[in-house]
Amino acid sequence: MSNATITPPAPGTNSLSAARLPRWSPYAIAVGAVAIGCAIGLGAGLDSQIQWGLIAAVLFVLGTFGIATAVEGKRQAKDRVATSVVWVAFILAVIPLVSLIWETVSRGVKVLDGFFLTHSMGVVTDYEPGGGIYHAIIGTLEQVGLATLISVPIGLLTAIYLVEYGRGKLAKAVTFFVDVMTGIPSIVAGLFILSFWILILGFSYSGFAGSMALSILMIPVVVRSTEEMLKLVPNELREASLALGVPKWRTILKVVLPTSIGGITTGVMLAIARIAGETAPVLLLVWGNPLINTDPFQGPQSSLPLYIYQQYQNSGGSPAAYDRAWAAALVLIAFIMILNLVARGIARWKAPKTGR
């Protein structure tokens, strides 16, 4: 045998590892892309900063691919490009949301105070300063509450039927009509209740009429969300309960629903958020009222979406009306945010307890 010598690798090197970009490279590429994008926008005379941002986003993706290809190879470069595209899409989605919230907060806080929340527009015209949204808050709470009382039992029982009992043509027909109802425009739901409840049966405009139209929009959302949550419950839980001799209805009540109550609650809150901002059914059926009406079954009412629409529509360019509209929009956003926080709290509280 020949005496061959093997030279050990130098300390700190690894022949199996390829060159890699440092951790701070994406941030450096992003800063460079933004700088070049702004320079191109200024040089080309582009007035919109949105165009500058889009140019910077394209340069960021292209720069990431070029630098990663030169240093790490095409395979790793494709992975980095996919990651950069995800980040660009995320930023493009967040920027309008942040801009909307900032605009609403900055304009809504001008008149948002205790007086605004506790007074109505009874003695103030839309052109004058003052007034409040107390009557609109009451109308929104009552109309959304009635729609929830109508929709949740119907949607929950329908979803239980489709998942636990539904077989054959009836289940297919119910699924088809739920899918159709999901795409119904809000104005169509309002026109249906208007023609049936007010024109044919002769009832007057009221908050309850608006609640029935809102429930039409809410039911398919509750059905679909509840159905998906019930499908996530493992069949082993149902089989174990049935094997112990527990009736099926009791298995659903004591095993299936408690297991999925968190997701069901979240779906209900999403459905409430879906209808809380609807204006067309309220405009057709509730009709609007500048005075406080706490009876949803008698006489016109107001609501926050309708109040916002009326302040913009009937303002005649009045700054006071615009400020009231923005403040009402801020209150509506806060209302929906509180509903989502409550849903998360209930979902965490009612979630199945896991142990070791």
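**Close-up 1. Phe 196 is partly exposed, at 40% relative accessibility.** The model is predicted. Phe 192 is partly exposed too. Its relative accessible area is 48%. Both values fall between the 20% and 50% cut-offs, so neither residue counts as buried or exposed.

**Close-up 2. Phe 192 and Phe 196 lie in helix α7.** This helix covers residues 186-200.

**Close-up 3. Aromatic pairs number 8 in the whole structure.** In the pair formed by Phe 192 and Phe 196, the ring centres are 6.2 Å apart. The ring planes meet at 5 degrees, so this pair is stacked. The cut-off for stacking is under 30 degrees.

**Close-up 4. Trp 197, Phe 203, Phe 208 and Phe 297 form an aromatic cluster.** Ring pairs provide the links between these four residues.

**Close-up 5. Lys 248 places its charged end over the ring of Tyr 165.** The distance from the charged end to the ring centre is 4.7 Å.

**Close-up 6. Model confidence is given as pLDDT, which averages 88 over the protein.** A score of at least 70 is reached by 93% of the residues. Among the elements, helix α5 (residues 134-165) has the highest mean pLDDT, 95. Helix α13 (residues 319-350) has the lowest, 87.

**Close-up 7. Residues 9-16 have pLDDT under 50 throughout.**

Conventions: Residues numbered from 1 in each chain as written. Predicted model: local features only at pLDDT ≥ 70, side-chain atom pairs only at ≥ 80, totals over all residues. Heavy atoms only, no water. Phe/Tyr/Trp six-rings, centres within 6.5 Å; stacked < 30°, edge-to-face > 60°. Helix = DSSP H or I, 4+ residues; strand = E, 2+ residues; numbered from the N terminus. Buried < 20%, exposed > 50% of the residue type's maximum accessible area, 1.4 Å probe, protein only. Lys NZ or Arg CZ within 6 Å of the ring centre and 35° of its normal. pLDDT = per-residue confidence, 0-100. Contact = heavy atoms within 4.5 Å.
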